[in-house]
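Open the model in your viewer and keep the selection tool ready. The tour below goes stop by stop.

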Amino acid sequence: MKKLKIQGKNTLSGSIRISGAKNASVALIPAAILADSPVTICNVPEITDTDALVEILEYLGADIKRASESILINPETIINKPIPSAISKKLRASYYFMAVLLGKYKHVEMYFPGGCSIGARPIDQTLKGFRALGAQIKEEEDKYTIDAKELIGARVYLDVPSVGATINTMLVAAKAVGETVIENAAKEPEIVNVATFLNNMGANITGAGTSEIRIQGVDKLEGCYTEVIPDRIEAGTYMIAGALVGDNLKIDNIIPEHVETLTLKLKEMGVKLEVGPDYIVTSKTENLKPVRIKTLGYPGFATDLQQPITTLLTQCEGISTLEETIYENRFQNVPYLNDMGASIEIKENNRMITIKGKTELTGTTVTATDLRAGACLVLAALAASGETIIENIEHVLRGYENILEKLTVVGAKIELLEEIKVNS
Ligand code: EPU
């Protein structure tokens, strides 16, 4: 088990360069399988989630070369074989392999994916997309065997605008016969990144980024080059860090439009910030105003920034409310924030919290229960007096590239502690 030790209340200034988006990379890497020749993906973050996907590709026999944030994938040597439970359960995004193996080989065997324990996270909408295109699905406990004689384009209405189901349906439809239309599609920028990658390979996809995506199936997809978009959730997390303890902290290499909802909320709170063409600068501000936040699909307030912004809400003067509409169990950070001195109450079936501020935060020992809960606690530790130990920091390392180095360079006092196992 790894832990982070953070000495709080150090001012952060300078510049943090944002990495490629985790939630785009984790779809782009499996998507490479659909090509018949090598693809190059640039700006891939070196995080344990991308490592786990590379491990699956290697298990399937792909030839992979990694060089400083680029990854060259040659899918020509891939053999379609069942993906064991132990590797598919390492992360949520393993389910993109379901779509690409089905799309390319018309057969896939794998298990229910893993991922942060933040709610039920069903995959029914992905399976609905596969079925609509003609796939037969056999479910045995958590194992799925999926076959299709032929994949034929269809209209797919998603009951919830799921990011995963939208990407999976696009992936499976790219080489299907005829046209697929996804209605009530999710609109996240990561979906546009995947559609652009597929189009670079020769696919014919229009409408990505809107609620109706059209995919005209093609026979062949070829190798190409693509670049991962900047990580808007990493950017947002560091923007909040700047608002807590920054002195002109520059969040660089971003697409400001992708974090606009957060920017508007920070402005509403009164945070001092400057928006540039590819950067945002934030600084610690006194007398922050309380706000109401409700998580929604893009372009609404991102659920992945809900836990990080809770730390900042503890510093607002008055009562803020935060409603989580995407996941049933995304307040596991709250008891730890309260242990650090926050005054937060969980209400309404675990879907709403009220945060009474301003409260001083004090360092103690806390646990990262999931990725963004961990990010929330890192922010709290940066703002707290004294020392905070954050246990289970592996969750954070899954999603934030070089977090230690990035924070250290701008002035944080942060250290990784590894527990050494002693054999008795
Ligand atoms: N849902 C269904 N059925 C489905 C799929 C989803 O009911 O078949 C529901 C979920 O239960 C949830 C909602 O729809 O209530 C949204 O789920 P979605 O499918 O959009 O999420 P996801 O694709 O599993 C991705 C990110 C998440 C991020 C969400 C929402 C990846 C690997 N994960 O998850 O990222 O929260 O979209 O933006 O791309 C994170 O990075 O911390 C993280 C959890």
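**Stop one: a helix and the residue after it**

Helices here are DSSP runs of H or I with at least four residues, strands are runs of E with at least two, and both are numbered from the N terminus. This is a predicted model, where local features need pLDDT of at least 70, side-chain atom pairs count only at pLDDT 80 or more, and totals for chains, interfaces and linings use all residues. Residues are numbered from 1 along each chain as its sequence is written, and side-chain values use heavy atoms, with hydrogens and water left out.

Now select α4 itself, residues 96-105. Because 9 of its 10 residues are buried, the helix is largely enclosed by the rest of the structure. Buried means under 20% relative accessible area (1.4 Å probe, protein chains only). Among the buried residues are Tyr96, Phe97 and Lys104. Show the neighbours next: the buried residues of α4 pack against elements including α1 (22-31), β6 (107-111) and α6 (163-173); contact means heavy atoms within 4.5 Å.

**Stop two: the ligand**

Select the ligand and the residues around it. The shell holds 24 residues, and the closest are Ser162, Val163, Asp304, Ile326 and Arg372; a residue counts if one of its heavy atoms lies within 4 Å.

Which side-chain atoms lie by ligand oxygen atoms?

- Ser162: a side-chain N or O atom is 2.6 Å from a ligand oxygen.
- Lys22: a polar side-chain atom lies 3.2 Å from a ligand oxygen.
- Asn23: a polar side-chain atom lies 3.2 Å from a ligand oxygen.

Finish by colouring α1, α5, α6 and α12 (371-383), the elements that each give two or more residues to this shell.

Technical notes
Buried means under 20% relative accessible area, exposed over 50%, partly exposed in between (1.4 Å probe, protein chains only). A polar contact is a pair of N or O atoms within 3.5 Å; within protein, one must be able to donate a hydrogen and the other to accept it, and residues adjacent in sequence count only if both atoms are side-chain atoms.
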